[in-house]
Amino acid sequence: MAILGALGLAACTTGGGATRPGFTQGSGVSLGQDQAGDHFYALDQIKPANVAQLQVAWTYETGAGGLQTTPLFRDGRLYVVTPTQQVVALDPETGQEIWKSSAAGRGQQPVRGLSYWQDGSERRLFSSLGSTLIALDPD
């Protein structure tokens with residue numbers, strides 16, 4: 001299954017557009033974009049007038065199986081989980097793989113979550129491998 005590098009990921013990091021109190025553009029710390037989980041993005045490059053002109057920028061092949069995890073965009077990288085439960089960091093502009101976790105396996109359930117945590121300079125990505133919670137250094 002391929003992940004489409006989408007409808008202008010670069011637009012996710014640009015300013016402008018609508019704003020709302022307490023929203024940090026591009027925070028993307030969890031599914032739903034922010035703690036409110038409302039999928040809000042303040043985009044100014046994609047509009048009803050130009051949406052029909054969008055083209056696929058790149059694709060990334062994750063391998064056979066069902067992909068059920070929402071990609072996570074954080075600090076200039078796009079993180080995905082493959083059907084074999086590997087976490088992959090991609091360059092969002094090119095789709096090039098930056099790194100892939102070495103742990104791979106098949107749990108009884110698909111991975112449906114990828115989370116990001118930061119405390120000062122400490123950062124972690126959290127996912128699962130079967131019934132085990134894993135923490136990865138995003139660098």
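The largest nonpolar core in this predicted model has 12 residues: Leu72, Tyr79, Val81, Val87, Ala89, Trp99, Val111, Leu114, Tyr116, Leu125, Ile134 and Leu136. A nonpolar core here is a set of buried Ala, Val, Leu, Ile, Met, Phe, Trp, Tyr and Cys residues joined through side-chain atoms within 4.5 Å. Buried means under 20% relative accessible area, exposed means over 50%, and partly exposed is what lies in between (1.4 Å probe, protein chains only). Strands S4, S5 (87-90) and S9 (132-136) each give two or more residues to this core. There is also a second, separate core of 7 residues, which includes Tyr60, Leu78, Val80 and Leu90.

A quick word on the ground rules. Residues are numbered from 1 along each chain as its sequence is written, and side-chain values use heavy atoms, with hydrogens and water left out. Since the model is predicted, local features need pLDDT of at least 70 and side-chain atom pairs count only at pLDDT 80 or more, while totals for chains, interfaces and linings use all residues.

Now for the overall layout. The protein chain has 0 helices and 9 strands, and along the sequence it reads β-β-β-β-β-β-β-β-β. Both kinds of element are DSSP runs numbered from the N terminus: helices are H or I with at least four residues, strands are E with at least two. Of the chain's 139 residues, 33% count as buried. The accessible surface comes to about 8100 Å², and 51% of it belongs to carbon and sulfur atoms; such areas come from the Shrake-Rupley method with a 1.4 Å probe, and for residues only the protein chains shown count as cover. Take the contacts (heavy atoms within 4.5 Å) between residues at least 6 apart in sequence: 47% of them join residues at least 24 apart.

Two strands pair if DSSP finds at least two bridges between them.

S4 is mostly covered, with 4 of its 5 residues buried. S4 also takes part in two hairpins. In the one with S3, there are 2 residues between the strands, and Asp75 in the turn has a positive phi of about 50°. In the one with S5, 5 residues lie between the strands, and Gln85 takes a positive phi near 70°.

The other open sheet described here has 3 strands in the order S7-S8-S9, again with antiparallel pairing. Its edge strands are S7 (115-119) and S9, each pairing on one side only. Neighbouring strands are turned by 30° against each other on average, direction ignored.

| Strands | Bridges | Facing residues |
|---|---|---|
| S3 and S4 | 3 bridges | Phe73 and Leu78 |
| S4 and S5 | 4 bridges | Val80 and Val88 |
| S7 and S8 | 5 bridges | Gln118 and Arg123 |

What about aromatic pairs? The structure holds 1 of them. The rings of Tyr79 and Trp99 have their centres 6.1 Å apart and their planes at 45°, so this pair counts as tilted. For the cut-offs, rings of Phe, Tyr and Trp (its six-membered ring) pair if their centres lie within 6.5 Å; planes under 30 degrees apart are stacked, over 60 are edge-to-face, and the rest are tilted. Tyr79 sits in S4 (residues 77-81) and Trp99 in S6 (residues 97-100), so the pair ties together parts that are 20 residues apart in sequence. Both Tyr79 and Trp99 are buried, and both belong to the largest core.

Last stop, Glu122. This residue lies in strand S8, which covers residues 122-129. Is Glu122 buried, partly exposed or exposed? With a relative accessible area of 39%, Glu122 is partly exposed. Glu122 and Asp137 are 15 residues apart in sequence, and the distance between them in space is 8.7 Å, C-alpha to C-alpha.

Conventions: Axes fitted to C-alpha atoms, helices over the stretch in contact; angles between N-to-C directions.
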